[in-house]
Amino acid sequence: MSFLIAVHVNEGIVLASDRRTTYTTTKSVGTVVEKHIGVHVTNSTDKTFLCPNGAGISTCGDASLFGTPITGYIQEAIRTKIDANCPIEDMPSILIQYFKGMSEVPDTKFIV
C-alpha cells in the first residue's frame, strides 16, 4: 500500500476516479496455467470516498480482496475507524493498520 496526503487549510482538492474494475485471474486446466490479464468485470465500483471528517480517500491498484470488491472493506474502515474528529494526518496509519490486520494485504494505493 502507498499513500499520498494532501492537506490545504480553507481550500479544497478534487478527488476523482472511474468506476471500472478489471481483474487478473489465473486458472489451471490440467497442466496448462492460463493467466487472463485485465478481464473487465464491472462499471460500478466506488473508488473515491467521502469521510465523516470531510476528507476524501481515492484508491487504485488491486480492486478486490478475498474475491470481493475492495470497496466494501474501505467503506467498513471509514465507518468503524474514521469519525468526524479524526485528524486527516492519522488516516494513512488507520488504513494501514486496518488492512494489515487481514490475512491478505492488497497491493492498493490510496490518496488521502
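Y98, F99 and F110 come together as one aromatic cluster. Rings of Phe, Tyr and Trp (its six-membered ring) count as a pair if their centres lie within 6.5 Å, and the structure holds three aromatic pairs. In general, a pair of aromatic rings is described by the distance of the centres and the angle of the planes.

A word on how to read what follows. This is a predicted model, in which local features need pLDDT of at least 70 and side-chain atom pairs count only at pLDDT 80 or more, while totals for chains, interfaces and linings use all residues. Residues are numbered from 1 along each chain as its sequence is written, and side-chain values use heavy atoms, with hydrogens and water left out.

Now for the overall layout. The chain has two helices and eight strands, where helices (H or I, at least four residues) and strands (E, at least two) are DSSP runs numbered from the N terminus. Starting from the N terminus, the order of elements is β-β-β-β-β-β-β-α-α-β. Of the 112 residues in the chain, 30% are buried; buried means under 20% relative accessible area, exposed over 50%, and partly exposed in between, with a 1.4 Å probe and protein chains only. Contacts are heavy atoms within 4.5 Å, and among those between residues at least 6 apart in sequence, 62% join residues at least 24 apart.

Which residues of helix α1 are buried? In this helix, residues 71-81, they are T71, Y73, I74, A77 and I78. An α-helix has 3.6 residues a turn, so residues three or four places apart point the same way. The cover over the buried residues of α1 includes strands β4 (48-50), β5 (56-61), β6 (64-65), β7 (68-69) and β8 (108-111), along with helix α2 (91-100).

Strand β8 is worth a visit of its own. T108 lies in this strand and is buried, because its relative accessibility is 0%. A polar atom of the T108 side chain lies 3.0 Å from the backbone oxygen of D62.

Where is the salt bridge that a search of the whole structure finds? The side chains of K109 and D107 form it, at 3.9 Å from N to O; the term stands for a side-chain nitrogen of Lys or Arg within 4 Å of a carboxyl oxygen of Asp or Glu. Side chains of opposite charge can pair when their charged atoms come close.

| Residue | Relative accessibility | Class |
|---|---|---|
| D107 | 46% | partly exposed |
| T108 | 0% | buried |
| K109 | 38% | partly exposed |

Technical notes: Polar contact = N/O pair within 3.5 Å; in protein donor to acceptor, adjacent residues only side chain to side chain. Phe/Tyr/Trp six-rings, centres within 6.5 Å; stacked < 30°, edge-to-face > 60°.
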